[in-house]
Amino acid sequence: RTAAGGERAVRPRGGGPSPGSAASSARMACARSVASWSSGRCIPSGRCRRRGGNRGVVARCSASPSTVSSPYPEGDWRNEALAASLSDEGRAHREAAGRNHTYALKLAYDGEAYLGFQYQPKGKTVQGEVERALTKLTGHDREFLGMQASGRTDTGVHARGQILHFYTKEPVPDLERFHKSLNGIMPKDVRCVEVMRPHPAFHARFHAVRKTYHYFLDPRLVLDPFVRRHALHCGWKPPSVERLREAAAVFVGTHDFTSFSNKSRDKTLVRSPTRTIYRFDVVEQPDGLIRLEVEGNGFLYRMVRNMVGALMLAATGEDGKFTAEDLKDMLEGKDRGVAPMGAPPHGLFLHEVVYPAELLEWEPEEGHNVI
């Protein structure tokens, strides 16, 4: 359990797509701190945490908003979403639908064979496979399950730390058995790493504090057939690590990322293009791969791949032809039309998602009315 006001980081075990990859580099200080929130502890992968919900109790009294400090900047829309989730109205809405119990899963998956995470009626998706397994185990249809993920990874994008939540009417009696059964039903390129029992109001998308993505480059001359599906091979023209770092530093901080985001497929969705990037590290692994680590409070549609595409242009072009200063001008220009093409999806991994500790490590307080 973290100290009061801490964050719960749901971290993957592995650091890269190939055996022997280096562990993640020491985390740099955030460019913009999250006020009064200390760093979270690492939760080991591959285990289940048993809570009061396993004993068949239903929490009938939700925590008041004051018991969970806001981890988001002042004016952020997620403050209102958090307050609404923790309110009595939010609890009543869940209970009226029969959604008495909330569970969270941490997933790892190879996205090559899928049309992204989000469910599609006529396409193979990660969400579709997980919902199919959950329906068999719980007896609930996808509408009742109400599954939501921390984000929608695109076609061909992978994940080591995707987080989702779903609801059940009755408690899961044995989380360890449930965990094994879930992996037994799902395809082998989708794995449940951990099953969690969070706060009843937990929402995987709305409550995320920050996310980390990794993008892998393979600058070696000879393409490694065992890495080719999880790293962008660029051995024909290896990038300069020094210039990669110089260009990556341009993105750190709070900026309008219009130039580096594509229009959302959801035409009804209106989002602010302003995001904060806490760090953008370039890590040279012992196996020869280069790992780009970008951590921020949120990301726009294809923002990471577009940033990586720009970094590659700055790091592989002729000296002085495209520099970090040009990248800065593009960022300030707020015009997607002048920015470089994005990097392909197969090198991208959703690595980690961080949540308020009070939501993922929740247990009913003494005096709560439970039945």
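Trainee: How many helices and strands are there in the protein?
Mentor: Keep in mind that this is a predicted model, where local features need pLDDT of at least 70, side-chain atom pairs count only at pLDDT 80 or more, and totals for chains, interfaces and linings use all residues. Residues are numbered from 1 along each chain as its sequence is written, and side-chain values use heavy atoms, with hydrogens and water left out. Helices are DSSP runs of H or I with at least four residues, strands are E runs of at least two, and both are numbered from the N terminus. Going by that, the protein has nine helices and eleven strands.

Trainee: What share of the 371 residues counts as buried?
Mentor: Buried means under 20% relative accessible area, exposed means over 50%, and partly exposed is in between (1.4 Å probe, protein chains only). For the protein, the buried share comes to 56%.

Trainee: Is E131 buried or exposed?
Mentor: E131 meets R142 in a salt bridge, 2.8 Å from N to O; that term means a side-chain nitrogen of Lys or Arg within 4 Å of a carboxyl oxygen of Asp or Glu. R142 sits in helix 4 and E131 in helix 3, eleven residues apart. R142 is partly exposed at 36% relative accessibility. With 4% relative accessibility, E131 counts as buried.

Trainee: Which strands hold R279 and E293?
Mentor: These two side chains form a salt bridge at 2.8 Å, N to O, and both residues are buried. The pair ties together parts 14 residues apart in sequence, because R279 lies in strand 9 and E293 in strand 10.
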